[in-house]
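Dear colleague,

I am handing over the structure that you will find just below, and after it I set out what was found in it. Please read the notes with the structure open beside them.

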Amino acid sequence: MPVALRRVQIAFCCLAMIFLIGPTIVVIPISFSSANFLSYPLPGFSLQWYEKILQPQPWMSALLNSLIIGAGATLVSTVLGTLAALGMSRGRLPARSMILAVVISPMIVPVVISGVGMYFFFAKLGLVASFLGLVLAHAVLAVPFVLITVTATLKNFDVNLVRAAASLGASPFHAFRTVTLPLIAPGVISGALFAFVFSFDEVVVALFISGPGQRTLPRQMFDGLRDNIDPSILAMSTLLVIISIVLMGGGALAQKRAATNRSTANV
Amino acid sequence: MARAMTSVVFPGPRIGAADGRPGRVSALATGFRADRRRQTIGSLVLIGPLVVFIVFAFVLPLGTMLFHAINNPEVRNAFPMTLASLEDWDGMGTPPDAAFDAVAADIRASADPKTMAEAGRRLNYEITGFRSLLAKTVRTVRKAPEQPARTQLLAIDGNWGNPAYWRVIQRNGTPLTAFYLLSAVDLRPGENGGVQMAPPEERLFLSTLMRTLTISALVTLICLFVAYPIANAIVAIGGRLSAIMLACVLLPFWTSLLVRTSAWIVILQKEGVVNRLLQALNITNAPLELVFNRTGLYIAMVHILLPFMVLPLVSVMKGISPSYVKASASLGAGPVTTFLRVYLPLTLPGVGAGCLLTFIISAGYYVTPTLVGGASDQMLSYFVAFYANTTINWGMSAALGVLLLTCILALYGIVGRIVGIGRIVGME
């Protein structure tokens with residue numbers, strides 16, 4: 001490519017990066033404002049908004065609810081998704097494309113439709129406004145992410161290792177626990193991470209099926225944005241950005257480990 | 001799986017005459033088939049729990065939702081005798097006295113006040129004013145039923161003499177209805193069995209559908225034109241700069257949607273950073289309206305969906321060997337020809353996957369349009385939620401859901417046929 005054109009491209013990319021990252025960063029200082037309006041210049045420095053979000057009501061209880069529901073949804077979706085990924089990777093499956101369509105359908109259907117459906121159906125079962133209902137709803141919507149991530153890891157997994165374990169007398173379960181699981185662990189972990197982030201950020205289903213007792217963090221933010229927006233939302237946002245940087249680092253680490261495992265496994 | 005394989009590699013005692021015929025080959029074949037079967041059963045056992053879970057927590061809810069689009073129980077529950085008395089009525093003129101008597105009898109017979117209220121709400125969808133007419137009638141007839149019922153009903157409201165009202169009751173005696181689905185595309189059941197366009201002031205959803213598709217298409221197009229150079233730079237430049245760019249694309253991906261949406265609301269408001277900057281640079285004198293309208297919606301949606309376009313493009317571009325481009329150049333093609341005839345066609349699978357993903361996510365988007373868009377920028381998903389939550393018109397909510405889902409599945413079908421669904425979601 002001509003050098004001039006490449007320069008234009010790089011300049012364009014820099015602008016795009018500012019577009020991508022800028023907004024999140026630009027609003028962070030406002031969370032330290034001593035005033036309750038949301039614009040520059042700031043009249044003074046204060047930690048009042050951080051004090052406010054550290055109060056039990058409404059922010060910390062919402063955070064706790066989100067963590068509980070996220071943990072539950074992650075557990076359910078990771079276990080079921082990993083088992084299914086193992087099953088799908090063994091080949092020789094009747095109606096494979098049909099099964100594939102069913103298991104990834106929660107990802108394809110717009111979440112508003114899923115949310116309304118769960119609202120109708122869970123109401124009949126008494127699962128609306130309950131932790132269990134929200135955990136199941138988030139788990140089923142997150143499971144395709146786990147499935148896809150673990151399937152991708154299994155593609156690079158050498159089946160001969162399991163055969164070797166079996167020929168040495170290991171039971172299938174023992175072989176799974178001591179050979180397969182440690183090798184696919186990075187994939188499982190990043191799948192679980194995806195599932196947790198999904199649940200932690202999910203608001204639409206929560207709007208439909210959570211009651212006042214299960215108010216999650218995204219729902220609290222959604223209501224705040226719609227009704228009365230003040231800098232405490234930006235203080236919470238800042239904390240969430242820090243959390244997401246940590247999670248992103250964790251994801252990158254898991255992927256790096258997956259790559260290392262792959263190269264050692266292929267030796 | 002391991003068990004199955006070892007028994008094929010090291011044939012055990014099953015070698016012999018499993019199918020009654022001697023011979024090593026057929027015995028091996030039988031053993032192999034049995035192992036395959038066992039392997040299949042093992043796979044199904046592993047997948048089973050997930051399938052059961054998805055059917056319970058997703059397929060059944062979705063089915064319930066879709067069923068509401070055609071479910072029509074209200075009038076049948078409230079007016080069984082009336083419907084029976086209207087069975088032979090030809091729809092012309094006022095119905096016989098027996099029908100009036102049956103209405104009064106049905107009103108007196110309905111124990112649960114909700115039954116009549118639901119029927120009133122249902123009939124009101126088709127003729128505005130039916131709900132209050134029925135409520136008034138129920139109140140009066142319950143208090144002091146009079147004979148003949150025809151005189152009393154006509155005294156309560158002259159519309160009981162209007163055949164159109166009776167025809168609506170008669171038509172909704174069926175357990176299933178096409179009314180909501182027709183309404184979702186601005187049609188109404190016609191008077192003589194056909195369909196007709198809804199009155200102009202009630203035409204709402206076709207324009208909403210068009211708006212949904214237009215916004216999604218434009219967002220997808222903008223994302224494609226912004227993402228393509230970025231993805232190319234990430235792959236082509238390499239080194240630290242690439243890593244930084246990739247991190248910049250991934251960070252929003254991992255950041256809460258609501259964090260990003262709130263950031264845009266703050267930045268784009270009248271006193272926000274963007275307006276201050278534009279005024280400081282003397283580009284505008286007065287603050288621009290950038291949020292709670294279409295402009296803000298496009299900005300926020302492109303920001304949120306850009307990673308979904310960049311990532312598939314990066315993964316496809318990574319697989320393109322630079323020697324293709326070099327070969328093209330060495331054969332005398334200029335940069336433009338090389339790009340159009342060599343590089344671009346090779347990236348098309350990524351373009352297809354990225355566009356599909358972006359388009360579908362934006363077509364079903366709820367959170368950002370609700371918070372950042374104005375009243376006239378709302379898309380189908382907003383109305384799905386609105387009818388379910390605010391007006392409790394579940395049938396309409398479900399029918400709009402069917403409309404949205406049909407569009408999305410059609411798109412998956414088309415692109416899936418070209419690119420392959422497994423490839424789009426990254427499973428093949």
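**A proline in a loop of chain B**

Pro145(B) sits in the loop that lies between α7 (130–143) and α8 (149–156) of chain B, where helices (H or I, at least four residues) and strands (E, at least two) are DSSP runs numbered from the N terminus. This is a predicted model, in which local features need pLDDT of at least 70 and side-chain atom pairs count only at pLDDT 80 or more, while totals for chains, interfaces and linings use all residues. Residues are numbered from 1 along each chain as its sequence is written, and chains are lettered from A and ligands numbered from 1 in the order in which they are written.

Leaving aside residues up to four places away in sequence, Pro145(B) touches Ala104(B) and Arg108(B), contact being defined as C-beta atoms, placed from the backbone, that lie within 7 Å. The C-alpha atoms of Pro145(B) and Ile107(B), which are 38 residues apart along the chain, are separated by 10.0 Å.

**Chain B as a whole**

Chain B has 21 helices and 2 strands. Its radius of gyration, taken over C-alpha atoms, is 32 Å, well over the 22 Å that the globule rule gives for 428 residues, so chain B is more spread out than a compact globule; that rule is 2.2 Å times the number of residues to the power 0.38. Along the principal axes, the C-alpha atoms of chain B fill a box of roughly 95 × 95 × 40 Å. Of the 428 residues in chain B, 39% are buried, and among its contacts with a separation of 6 or more, 65% join residues 24 or more positions apart.

**Where the two chains meet**

In the contact between the chains, 84 residues of chain A meet 76 residues of chain B. Helix α1 (residues 3–26) of chain A gives the most to the side of chain A that touches chain B, with 12 residues. That side has 67 nonpolar, 12 polar and 5 charged residues, where Ala, Val, Leu, Ile, Met, Phe, Trp, Tyr, Cys and Pro count as nonpolar, Asp, Glu, Lys and Arg as charged, and the others, Gly among them, as polar.

With kind regards

Conventions: Two residues are in contact if their C-beta atoms, placed from the backbone, lie within 7 Å. A residue is buried if 20 or more other C-beta atoms lie within 10 Å of its own, exposed if 12 or fewer, and partly exposed in between; C-beta atoms are placed from the backbone.
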